Amino acid sequence: MKNKLRKQLLNYFLVIVGTFLLAFGTVVFLTESELVAGGISGIAIIIQHLIKNITDVYIYDYLVLGLTAITWLIGLLFVGKDFAYKTLLSSVIYVGCTFLFARLPFFKELAVNFAGNGESGSLILCGIFGGVFVGAGVAITFLGGGSTGGVDVFQIIIRKKLNIKESVSSVIIDGIVILVGMFSMRLWTESLCGILSSVVTAGIIEGIYIKNQSSYQVDVISSEWKSISDYVQNDLERGATVLRVEGGYKGESRVMLRLVIDKRQYEKLRNYIAEVDPSAFLTFTQVNAVYGEGFTKNKKKIKLKKK
């Protein structure tokens, strides 16, 4: 029980720290420099720039609040309560930190100093460091089992409707936001630095989070195999294979479930099985590659003929 509580507290801590870094990197390095690198912040920067051409009112933080609330409601309606609850903590902290960094004089002055007067060197540095902080924030939030919400909801919807991996849809969505910013704001140097920031963000997430991910093949022998199978398919959205096996000692016929999950689902599955059948026999085997529905699509590699 203590280990479970300690794990939960650690996850909450990671989500809080990750979201804090995400908001800091976005507001301090990207917003004042008007670097559009995708996501909710990119959309808010575009709208803020267009408003600034009409009036000097600064409402970036309010735009983030509104856009975050809208995407959260879309997630609740079209993705489900699990996603909505998973993103609620990070969404609230992100909005709060955004207001903090956008309104306190110290952070505003910091952002202005980093942006310089729009010189290329300052913009490049803002793009790089913004990407580092944003990437680290997103990755740490993911490690805590949380989600930053925002455009993540559209990635999940696209995966469910069109069976396109979230990593691919993420590039598509951020690319659209960057292109809209490029041609609506017409800040060409800033746009290129925004692309640089997006690339750095992806690299940091890859280095911190993706490389820490792995998949497991799980074998479960339990009298509650039907309940476990339903949980795997309905809650974890994974498939399960039912195998009829025979015990080597007593020769009894048993049912064994074989399934494949990712690292994020490891604790969920183990905790559920511990609740329904503490005496269940289960093994977790780490696998190097998994191909199929819900994982990476298995594609044939084309060999080029030498001329």
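**Helix packing and aromatic pairs**

Reader: Is the crossing of helix 6 past helix 9 left-handed or right-handed?
Author: Helices here are DSSP runs (H or I, at least four residues; strands are E, at least two), numbered from the N terminus. A crossing is left-handed if the near helix is turned anticlockwise from the far one by less than a right angle, and right-handed if clockwise. Helix 6 passes helix 9 in a crossing that is right-handed.

Reader: What pLDDT do side-chain atom pairs need to count?
Author: Residues are numbered from 1 along each chain as its sequence is written, and side-chain values use heavy atoms, with hydrogens and water left out. The model is predicted: totals for chains, interfaces and linings use all residues, local features need pLDDT of at least 70, and side-chain atom pairs count only at pLDDT 80 or more.

Reader: How far apart are the axes of helices 6 and 9?
Author: Axes are lines fitted to C-alpha atoms, for helices over the stretch in contact; angles run from 0 to 180 degrees between N-to-C directions. Helix 6 (residues 120-143) and helix 9 (residues 188-208) pack at about 30°. That makes helix 6 roughly parallel to helix 9 (under 35 degrees; over 145 is roughly antiparallel, 65 to 115 roughly perpendicular, the rest oblique). Their axes are apart by 7 Å.

Reader: Is S198 in helix 9 buried or exposed?
Author: S198 sits in helix 9. S198 touches A37 and I178, leaving out residues up to four places away in sequence (contact means heavy atoms within 4.5 Å). Buried means under 20% relative accessible area, exposed over 50%, partly exposed in between (1.4 Å probe, protein chains only). At 19% relative accessibility, S198 counts as buried.

Reader: What type of aromatic pair do F101 and F107 form?
Author: The whole structure holds 16 aromatic pairs. Rings of Phe, Tyr and Trp (its six-membered ring) pair if their centres lie within 6.5 Å; planes under 30 degrees apart are stacked, over 60 edge-to-face, the rest tilted. F101 is buried at 1%, and F107 is buried at 16%. Their rings lie 4.7 Å centre to centre with 75° between the planes, and the pair is edge-to-face.

Reader: How many residues apart in sequence are the parts tied together by Y266 and F284?
Author: The ring centres of Y266 and F284 are 4.6 Å apart and their planes at 55°, so the pair is tilted. Y266 is partly exposed at 24%; F284 is partly exposed at 23%. Y266 lies in helix 11 (residues 266-276) and F284 in strand 4 (residues 281-287), so the pair ties together parts separated in sequence by 18 residues.
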